[in-house]
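User: I have a new model open and would like to go through a few parts of it. Can we take it step by step?

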Amino acid sequence: MYFNEQSIIYHNGHYLHPNEPNIGLYSQTLHYGNGVFEGIRAYKTKQGAKIFKAEDHYRRLKYGAEVMGIPFNFSVEELVEITYELLEKNNLEDAYIRPLVITGADMSLKTSSESNLTIQCWEWGKYMGDRLLKVRTSSFERPNPKSCFVDAKVTGHYINSVLSTNEAKNSGYDEALLLDMYGNVAECSGANVFMEKDGKLYTPKKGSIMPGITRSTILDICKEEGIPVEEKHFKMDELKQADSAFFTGTAAEVVGLQSLDEYQFPMEWIQSLGHRLMHLYKQEVLCERKRKLSKAV
Ligand code: PMP
């Protein structure tokens, strides 16, 4: 599914078949989850393949490596260039791109002084599909923001996402929504959440969440389109009185919620701000969104 005979990945300065790299069994990424990664998308636009917000994603990857003390000397510009080259070698324009920084062999708990960079890409549809999602409140909480860097994409953090997704799917739901340690709505296992109430959007403030690049794109689009939006903490009870809700993420893009536990969101998805934003987001990534003229001051 992720690769075939012709696939090529980038690995430490070389372009190889995915079966070729030899990552040792003693990597800290394997044992302790001490690695950083990204999830990026490229889109086939009228001007050719365009990696959406490539610089922002690679800045986040570098930030993650830095806070984890992982040696990583690539510049954002180099990483973007390598990624375009990789897409070309794989003949891909619409693609999901997965850079992964893998730490070296070191069984101590001090970050290894070696690292490897692999970048993989493959064709991948909208991660959560196109239908409205049946979501459950997870019994797992997002990690205490003082226990790790919640805004860095560290491989080990994703155990929390795996547990909550398993729980949701094993109990007949599509996805999980997690609270933070203070009982505020935080995010989905791999996406951010927005709710609509009386014509206005709300999304959890930064602090306990991964502040997604899609989330920030949606906030920018709202500003430009004059859609009222506020970042604030709110509880599940408040979300269960919302008119509509949606998730945002690079892999998921913008996807609507049908229900949260027993609560059915009452607004028709196609009438909602989420639905409008789903289309505006698609236009944005395809470089087709018509900018509103800014008002003369
Ligand atoms: N929250 C979590 C936990 C995630 O893993 C992701 C995906 N990176 C997001 C939110 C959305 O982030 P982005 O929009 O940057 O993909």
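User: How many bridges join strand 14 to strand 15, and which way do they run?
Analyst: Four bridges join strand 14 to strand 15 (residues 253-260), and the two run antiparallel. Strands pair if DSSP finds at least two bridges between them. Strands are DSSP runs of E with at least two residues, and helices are runs of H or I with at least four, numbered from the N terminus. This is a predicted model, where local features need pLDDT of at least 70 and side-chain atom pairs count only at pLDDT 80 or more, while totals for chains, interfaces and linings use all residues. Residues are numbered from 1 along each chain as its sequence is written, and side-chain values use heavy atoms, with hydrogens and water left out.

User: What joins strand 14 to strand 15?
Analyst: A hairpin, through three residues. Gly249 stands opposite Glu253 in strand 15.

User: And strand 11, how many bridges join it to strand 14?
Analyst: Five bridges join strand 11 (residues 192-197) to strand 14, and these strands also run antiparallel. Phe194 has Phe246 of strand 14 as its bridge partner.

User: Is strand 14 buried or exposed?
Analyst: Six of the six residues of strand 14 (residues 244-249) are buried, so the strand is largely enclosed by the rest of the structure. Buried means under 20% relative accessible area, exposed over 50%, and partly exposed in between (1.4 Å probe, protein chains only).

User: Which residues point which way from strand 14?
Analyst: Ser244, Phe246 and Thr248 point one way, Ala245, Phe247 and Gly249 the other, and all are buried. In a regular strand the side chains alternate between the two faces of the sheet.

User: Changing topic. Which residues have a positive phi although not a glycine?
Analyst: Asn12 is one of them, at about 45°, and Asp261 is another, at about 55°. Most residues other than glycine have a negative phi.

User: Where are Asn12 and Asp261 found?
Analyst: Asn12 is in the loop between strand 1 (9-11) and strand 2 (14-16), and is partly exposed, with a relative accessible area of 32%. Asp261 is in the loop between strand 15 and strand 16 (263-264).

User: Last one: which residues form the negative surface patch?
Analyst: Glu55, Glu77, Glu78 and Glu81. Like charges are joined within 9 Å, and nonpolar side chains (Val, Leu, Ile, Met, Phe, Trp, Tyr) within 5 Å.

User: Which helix gives the most to it?
Analyst: Helix 3 (residues 76-89), with three residues. Glu77 is found in helix 3 and is exposed, with a relative accessible area of 57%.

Notes
Patches are made of residues with over 30% relative accessible area and no salt bridge: like charges are joined within 9 Å, nonpolar side chains (Val, Leu, Ile, Met, Phe, Trp, Tyr) within 5 Å. Accessible areas come from the Shrake-Rupley method with a 1.4 Å probe; for residues, only the protein chains shown count as cover. A salt bridge is a side-chain nitrogen of Lys or Arg within 4 Å of a carboxyl oxygen of Asp or Glu. Lys and Arg count as positive and Asp and Glu as negative; His and the chain ends are not counted. The place of a charge is taken as NZ of Lys, CZ of Arg, CG of Asp or CD of Glu.
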